[in-house]
Amino acid sequence: MPAILEVNNLTKTYPNGVNAVKGISFSVNKGEVFGILGPNGAGKTTTLEMIEGLRPITSGTVLLDGIKTEEQPYLIKQRIGIQLQSSAFFQNLKLTELLKMFADLYGAQIDAAQLLADVGLQDKAGFLVKNLSGGQKQRFSIATTLVNKPVMIFLDEPTTGLDPQARRNLWELIAQIKNRGTTVILTTHYMEEASFLCNRVAIMDDGKIVALDTPDQLIKQLLAKGFVPHTEVPPATLEDVFIDLTGKTLRD
Ligand SMILES: Nc1ncnc2c1ncn2[C@@H]1O[C@H](COP(=O)(O)OP(=O)(O)OP(=O)(O)O)[C@@H](O)[C@H]1O
């Protein structure tokens, strides 16, 4: 698979002196889901924002779909989709109107009804964002990333705050987007989510990448170091109980 994104020795020092990103390099292959994991403050969002062309780079280079982000930030923005927080949307526009507005910004033609159907919101075309549930808001914000038929979409903690059903439903949506050929880069604090969705993950800590591989390989490397689990791994988890009792059907 050819690389669609190449990040080389990227650094970010904020004006207050914080070195948020300390010289990271990685590439993302066309068509993969690539995860960036790491504790709070590791530098994940800063990294995404520099790649997206939303935040000035201190040093290093980003080549996305053959374009240098720093040199052509507008061209980059035409090729990518960035998931916004639902609070960023105009509150008095209906979902269809918002999608059309986003499409107009790109000069793109869209079938808003189809796009809403793609994210399971076909019945909500006339709703305002504020009247959607948490899971619906996230699905809608993913729909907005797709209006310009991007080569790559960026999802920053897409399932934070969702219930288990809505989270699994969003996983399926992200997998569908990948299966249609769009590259996905996401951050998450949920390791199960990264295992399920990501072809490869980079683990960041204190502004650096401390590991980068497939989830399976990272687990194998840990075991090869002689890792012994602290506790016995239960054959089922409380989340399994929750899903067993309440089902997989979406409640929103
Ligand atoms: N605008 C800013 N000005 C100064 N420092 C900042 C700014 N934004 C982030 N930082 C600092 O940069 C570091 C990295 O923050 P960043 O938000 O990139 O981390 P993160 O891995 O996305 O964290 P989280 O998981 O909590 O979202 C932190 O120390 C943070 O306080």
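**Notes on the predicted model**

1. Helix 5 and helix 6 are roughly parallel to each other, because angles under 35 degrees count as roughly parallel and this pair packs at about 15°. Their axes lie 10 Å apart. The crossing of helix 5 with helix 6 is right-handed. Please keep in mind throughout that this is a predicted model.

2. Now the residues behind that packing. Helix 5 contributes Gly 134, Gly 135, Gln 138, Arg 139 and Ile 142. Helix 6, residues 164-179, answers with Ala 166, Asn 169, Leu 170 and Leu 173. By class, the contact of helix 5 with helix 6 has 4 nonpolar, 4 polar and 1 charged residues.

3. Helix 5 also packs on helix 3. Helix 3 covers residues 95-106 and helix 5 covers residues 134-145. The angle between them is about 30°, and the axes are 9 Å apart. That angle makes helix 3 roughly parallel to helix 5. The crossing of helix 3 and helix 5 is right-handed. On the helix 3 side, the contact is made by Leu 95, Leu 98, Leu 99 and Phe 102. On the helix 5 side, Phe 140, Ala 143 and Thr 144 take part. The contact of helix 3 with helix 5 divides into 6 nonpolar residues, 1 polar and no charged.

4. Leu 93 belongs with the helix 3 region. Leu 93 sits in the loop between strand 6 (80-82) and helix 3. Setting aside residues up to four places away in sequence, Leu 93 touches Leu 98 and Met 101. Leu 93 and Phe 127 are 34 residues apart in sequence, yet 8.3 Å apart in space, C-alpha to C-alpha.

5. Next, the ligand. Which residues are around the ligand? They are Tyr 14, Asn 16, Val 18, Ala 20, Gly 38, Asn 40, Gly 41, Ala 42, Gly 43, Lys 44, Thr 45 and Thr 46. By class, the shell has 4 nonpolar, 7 polar and 1 charged residues. Helix 1 (residues 44-51) gives the most to this shell, with 3 residues.

6. Asn 40 is one of the residues around the ligand. Asn 40 lies in the loop between strand 3 (33-37) and helix 1. Asn 40 counts as exposed, because 6 other C-beta atoms lie within 10 Å, and a residue is exposed if the count is 12 or fewer. Asn 40 and Glu 71 are 31 residues apart in sequence and 30 Å apart in space, C-alpha to C-alpha.

7. Thr 69 is found between strand 5 (67-68) and helix 2 (73-79). Why does Thr 69 count as buried? Thr 69 has 23 C-beta neighbours inside 10 Å, and a residue is buried if 20 or more lie there. Leaving out residues up to four places away in sequence, Thr 69 touches Ile 51, Gly 53, Val 62, Leu 64 and Ile 76. Thr 69 and Ile 51 are 18 residues apart in sequence and 6.7 Å apart in space, C-alpha to C-alpha.

8. Check the backbone at Glu 157. Its phi is near 50°, a positive value in a residue other than glycine. Glu 157 is placed in the loop between strand 7 (152-156) and helix 6. Glu 157 counts as partly exposed, because 17 C-beta neighbours lie inside 10 Å.

9. Asp 206 also has a positive phi, near 50°, and is a residue other than glycine. Asp 206 lies in the loop between strand 9 (200-205) and strand 10 (208-213). With 14 C-beta neighbours inside 10 Å, Asp 206 is partly exposed.

10. Last, helix 8. How many of the 10 residues of helix 8 are buried? The count is 0, and helix 8 (residues 215-224) is hardly covered. Just after helix 8, Gly 226 takes a positive phi of about 90°.

Key. Residues are numbered from 1 along each chain as its sequence is written. This is a predicted model: local features need pLDDT of at least 70, side-chain atom pairs count only at pLDDT 80 or more; totals for chains, interfaces and linings use all residues. Helices (H or I, at least four residues) and strands (E, at least two) are DSSP runs, numbered from the N terminus. A residue is near a molecule or strand if its C-beta atom, placed from the backbone, lies within 6 Å of it. Ala, Val, Leu, Ile, Met, Phe, Trp, Tyr, Cys and Pro count as nonpolar, Asp, Glu, Lys and Arg as charged, and the others, Gly among them, as polar. Axes are lines fitted to C-alpha atoms, for helices over the stretch in contact, and angles run from 0 to 180 degrees between N-to-C directions. Angles under 35 degrees count as roughly parallel, over 145 as roughly antiparallel, 65 to 115 as roughly perpendicular and the rest as oblique. A crossing is left-handed if the near helix is turned anticlockwise from the far one by less than a right angle, and right-handed if clockwise. Two residues are in contact if their C-beta atoms, placed from the backbone, lie within 7 Å.
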